[in-house]
Amino acid sequence: MKAWRYGKFEIRAKVPSANQGILSALWLTPFDKSWPPEIDIVEVLGHDSSIAYFTNHYGSPSNHKMDSGQKTNISLADDFHTYSVIWTANDISWLIDGKEYYKITSNIPDKPMILRLSLPVGPDWEGDPNESSVFPQSFSIDWVKIYQ
């Protein structure tokens with residue numbers, strides 16, 4: 001398994017259309033399996049695929065903190081988009097299709113991280129599927145590029 005400390009991470013993906021109970025997630029977690037830190041490149045809640053969430057988790061398990069931003073009113077499920085994070089020792093920037101939407105300059109993690117791509121069903125944040133949920137669903141990944 002490969003881990004990186006800093007770099008540019010790009011994933012071209014298409015999230016599922018609005019569907020209660022699923023969460024599209026592209027994220028970085030420590031290679032050593034500690035937590036936090038965690039860098040969420042993008043998370044899209046299944047019930048509203050028009051909001052992209054960006055988060056940096058830091059602190060400790062007993063004192064978890066986070067910095068987060070979002071981009072609203074964007075049709076993420078209609079087509080493929082390129083989700084990126086540029087992580088340096090001094091800052092983290094979040095981009096969609098090459099446009100920066102969020103940036104932080106404090107609490108920057110410095111641990112080697114691994115990349116995760118996931119589509120969990122029924123996570124705490126999104127809630128469980130309900131009678132309106134349609135399955136199967138897919139999270140289409142076109143490509144992944146990592147620059148260091």
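Where is P37 placed? P37 sits in the loop between β2 (23–30) and β3 (38–45). The model discussed here is predicted.

## Cis peptide bonds

The peptide bond that runs from P36 to P37 is cis, with omega near 20 degrees. P37 belongs to the loop that leads from β2 to β3. A cis bond also joins F135 and P136, where omega is about 5 degrees. P136 is found in the loop between β9 (113–118) and β10 (140–147).

As background, most peptide bonds are trans.

Y6 is not a glycine, yet its phi is positive, at about 80 degrees. The residue is in the segment before β1 (7–14). Is Y6 buried or exposed? Y6 has 18% relative accessibility and therefore counts as buried, the cut-off being under 20%.

D97 is a residue other than glycine with a positive phi, near 50 degrees. D97 lies in the loop between β7 (92–96) and β8 (99–104). With a relative accessible area of 45%, D97 is partly exposed. In general, most residues other than glycine have a negative phi.

## The five-stranded sheet

Five strands form an open sheet in the order β5-β4-β3-β2-β9, and their pairing is antiparallel. β5 (63–71) and β9 are at the edges with a single partner strand each, so one side of each has no neighbour in the sheet. On average, neighbouring strands of this sheet are turned by 15 degrees against each other, direction ignored.

The contacts of β2 can be followed on both sides. β2 pairs with β3 in the antiparallel sense over six bridges, and L28 stands opposite I39 in β3. With β9, β2 also pairs in the antiparallel sense over six bridges. On that side, T29 has I114 of β9 as its bridge partner, and P30 stands opposite M113 in β9. How many residues of β2 are buried? Seven of its eight residues are buried, so β2 is largely enclosed by the rest of the structure.

In a regular strand, side chains alternate between the two faces of the sheet.

## β6 and its partners

Strand β6 (residues 81–87) is mostly covered, with six of its seven residues buried. Seven bridges connect β6 with β1, and the two strands pair in the antiparallel sense. A13 is the residue that stands opposite H81 in β6.

β6 is also joined to β7 by five bridges, and these two strands run antiparallel.

## The nonpolar core

In soluble globular proteins, nonpolar side chains tend to be buried together. Which residues have the most contacts inside the largest nonpolar core? They are Y83 and W87, in a core that has 28 residues. β1, β2, β3, β4 (52–60), β6, β7 and β8 each supply at least two residues of this core. The strand that gives the most to this core is β3, with four residues.

Y83 can be looked at in more detail. Leaving aside neighbours within four places in sequence, the residues in contact with Y83 are F9, E10, I11, A13, V15, L26, I41, V42, L76, L95 and I96. A13, another residue in contact with Y83, stands opposite H81 in β6.

## Enclosed space

Rolling a probe the size of a water molecule over the atoms shows where empty space is left. How many cavities of 30 Å³ or more are there? The count comes to one cavity. The largest cavity holds about 30 Å³ of space.

The lining of the largest cavity consists of V15, P16, S17, I22, S24, V44, L45, G46 and S49. One of these residues, V15, is also in contact with Y83.

Methods. Residues are numbered from 1 along each chain as its sequence is written. This is a predicted model: local features need pLDDT of at least 70, side-chain atom pairs count only at pLDDT 80 or more; totals for chains, interfaces and linings use all residues. Side-chain values use heavy atoms; hydrogens and water are left out. Buried means under 20% relative accessible area, exposed over 50%, partly exposed in between (1.4 Å probe, protein chains only). Two strands pair if DSSP finds at least two bridges between them. Axes are lines fitted to C-alpha atoms, for helices over the stretch in contact, and angles run from 0 to 180 degrees between N-to-C directions. A nonpolar core is a set of buried Ala, Val, Leu, Ile, Met, Phe, Trp, Tyr and Cys residues joined through side-chain atoms within 4.5 Å. Contact means heavy atoms within 4.5 Å. On a 1 Å grid over the protein atoms alone, a cavity is a set of points where a 1.4 Å probe fits but cannot get out, and a pocket is an open set with protein on both sides within 12 Å along at least five of seven lines; lining residues have an atom within 4 Å of a point. Grid points are joined across faces, edges and corners, and a volume is the space filled by probe spheres set on the points.
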